Amino acid sequence: QFPQGGIDEGESSEEALFRELKEEIGTELVSIIAEYPEWLKYDFPPHIAQKMAPFSGQKQKYYLVQLQPSATINLETEHPEFKQYRFVSVDELFECTAHFKKNVYQEVISHFRAKGYL
């Protein structure tokens, strides 16, 4: 999955983007290329919804970012959320994405492609 997280009170979605990247992948050294213009939602499948109660899904804002040349991925953060990472092509992304997130990811990727960002 992509790095993700909540927005703290008084924080913009862009500020949350940089904070969450630092917390989850150990770097905030990215350049924002584009922002998806809307908030998107997906529902958890029943077996995940039980674990996430009282939440039944997520509403998210998506950004297309590029790692800066000096950025280093470090998953050994204060509260690790990922065990490993790998870079994949945009087309490979859908082979390693949770099924309940695929429609949203496809919508976002299609938008960024149509706008010429990918």
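Student: Which helix holds Arg-19?
Tutor: Helices are DSSP runs of H or I, at least four residues, and strands are runs of E, at least two, numbered from the N terminus. This is a predicted model, where local features need pLDDT of at least 70 and side-chain atom pairs count only at pLDDT 80 or more, while totals for chains, interfaces and linings use all residues. Residues are numbered from 1 along each chain as its sequence is written, and side-chain values use heavy atoms, with hydrogens and water left out. Arg-19 is found in residues 13-25, helix α1.

Student: Is Arg-19 buried or exposed?
Tutor: Buried means under 20% relative accessible area, exposed over 50%, partly exposed in between (1.4 Å probe, protein chains only). Arg-19 has 19% relative accessibility, so Arg-19 counts as buried.

Student: How are the rings of Tyr-42 and Phe-100 arranged: stacked, edge-to-face or tilted?
Tutor: Rings of Phe, Tyr and Trp (its six-membered ring) pair if their centres lie within 6.5 Å; planes under 30 degrees apart are stacked, over 60 edge-to-face, the rest tilted. By this rule there are seven aromatic pairs. For Tyr-42 and Phe-100, the centres are 5.7 Å apart and the planes at 50°, so the pair is tilted.

Student: Where do Tyr-42 and Phe-100 sit in the chain?
Tutor: The pair links distant parts of the chain, 58 residues apart. Tyr-42 is in strand β2 (residues 40-43), and Phe-100 is in the loop between α3 and α4.

Student: What kind of pair do Phe-112 and Tyr-117 form?
Tutor: Their ring centres are 6.2 Å apart. Their planes stand at 80°, so the pair is edge-to-face.
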